[in-house]
Structures are given as structure tokens and as C-alpha cells.
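Welcome, and thank you for taking a look at this model.

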Amino acid sequence: MTYEATVEFKFDATYTHDYSRGFGSTIGDDDFLPEEHYLITAPAADLNCKQYFKLFEKFMLCVGMCPSSIRSGAMSLVFNDYVREDDQRKVCKEYELTMDEDLDNKFKEWVERDEEVKRLQEEIETARKFVDSANGVA
């Protein structure tokens, strides 16, 4: 048995010049094409979820979306009030993200780590001084 599938994203736009403003080109007219048509097709039989998102990202770029807006939109699928917190945390773990409510604990961990590093540096410095004084360098 053979299975074939195709997914298509299609965008059609027209721009009509407003001649009531006078003759010739006006500011902004040069920024628009009179007509735009985009058709993006891909074989859909074997696409995984990330590939579908990549395909849709390309489509959104073609129709003028800003890359940062696209990323924000993708993140809003996960981080909203309708997604369970444990599902949000799974994504955070997968991408090494920290949720806002966990920042206090992260900050405490960083302070403890910094204090431990400082303590170890002081021990190393003390050991160096001891070795130097034993060797008569001081």
C-alpha cells in the first residue's frame, strides 16, 4: 500500500495604487508589489512535528512576519494558561530554560556556588602561601 500526502501553504495579495492622491508614485508605493503569490508545498507523508513548524516558519517569513514574532508565537503555544505546568516544565527541561517562579531558587543556588568557589580559592591561596613559606619564598 502506498501513501502520498502533500501540504500546501498559499498566500495571494494584491496592492491597488490610490490614484486619487495625484499622479506619479507616492511614498510607500515603491514598497509594495502590485501582486504577490506564494505557494509552498512539501511532501507531508513523513514530516515530523518540528519539520511542520519549520515549514510554517518559512511560510510566515514569506508573508512578512518578523522572526522574533514567529518565535514568540511558537513559545506562546507552550507558555500560556491553557497548558499544564508539568508540560511547560518538560519543555523547560528539554531546552534548559528556567521558569520565572523558579528564579529565586536558581539565584540561591548561584549564591551558594559562588560562595563555594570563593572558599575554595581562599583554600588554594592559603595552601600556596604555606608551600611558599616552607620553601623559603615568602
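A residue is called buried when its relative accessible area is under 20%, exposed when it is over 50%, and partly exposed in between, using a 1.4 Å probe and counting protein chains only. By that rule H17 is buried, because its relative accessible area is 19%.

Before we go on, a word on how to read the numbers. This is a predicted model, in which local features need pLDDT of at least 70, side-chain atom pairs count only at pLDDT 80 or more, and totals for chains, interfaces and linings use all residues. Residues are numbered from 1 along each chain as its sequence is written, and side-chain values use heavy atoms, with hydrogens and water left out.

**The overall fold**

The chain has four helices and two strands, and their order along the sequence is β-β-α-α-α-α. Helices (H or I, at least four residues) and strands (E, at least two) are DSSP runs, numbered from the N terminus. Of the 138 residues in the chain, 12% are buried. The accessible surface comes to about 12,000 Å², and carbon and sulfur atoms hold 56% of it; such areas come from the Shrake-Rupley method with a 1.4 Å probe, and for residues only the protein chains shown count as cover.

Contact here means heavy atoms within 4.5 Å. Among the contacts with a separation of 6 or more, 48% join residues 24 or more positions apart.

**The nonpolar core**

In soluble globular proteins, nonpolar side chains tend to be buried together. A nonpolar core is a set of buried Ala, Val, Leu, Ile, Met, Phe, Trp, Tyr and Cys residues joined through side-chain atoms within 4.5 Å. Which residues make up the largest nonpolar core? The seven are V7, F9, I40, A42, A44, L55 and F59. At least two residues of this core come from each of β1 (6–14), β2 (35–43) and α1.

A42 is in contact with A5, T6, V7, L47 and L55, leaving aside its neighbours within four places in sequence. Helix α1 also holds Y52, whose C-alpha atom is 9.3 Å from that of A42, ten residues away along the chain. Y52 touches V7, A44 and L47, not counting residues up to four places away in sequence.

**The largest pocket**

Rolling a probe the size of a water molecule over the atoms shows where empty space is left. On a 1 Å grid over the protein atoms alone, a pocket is an open set of points where a 1.4 Å probe fits, with protein on both sides within 12 Å along at least five of seven lines; its lining residues have an atom within 4 Å of a point. The largest pocket has about 640 Å³ of space, a volume being the space filled by probe spheres set on grid points that are joined across faces, edges and corners.

Its lining has 20 residues, and F53, R71, A74, M75 and Y95 lie nearest the centre. Helices α1 (49–62), α2 (67–76) and α3 (85–94) each supply at least two lining residues, with α1 giving the largest share, seven residues.

**A few residues to look up**

| Residue | Relative accessible area | Class |
|---|---|---|
| Q88 | 9% | buried |
| A13 | 21% | partly exposed |
| Y52 | 32% | partly exposed |
| E96 | 73% | exposed |

Q88 belongs to helix α3. Not counting residues up to four places away in sequence, Q88 touches V78, F79, N80, V83 and M99.

E96 lies in the loop between α3 and α4 (103–134). What is the phi of E96? It is positive, at about 55 degrees, although E96 is not a glycine.

A13 sits in strand β1. A13 and H37 are 24 residues apart in sequence, yet their C-alpha atoms are 6.5 Å apart in space. Leaving out residues up to four places away in sequence, A13 touches P34, E35 and E36.

Finally, back to H17, which lies in the loop between β1 and β2. H17 and F32 are 15 residues apart in sequence and 9.4 Å apart in space, C-alpha to C-alpha.
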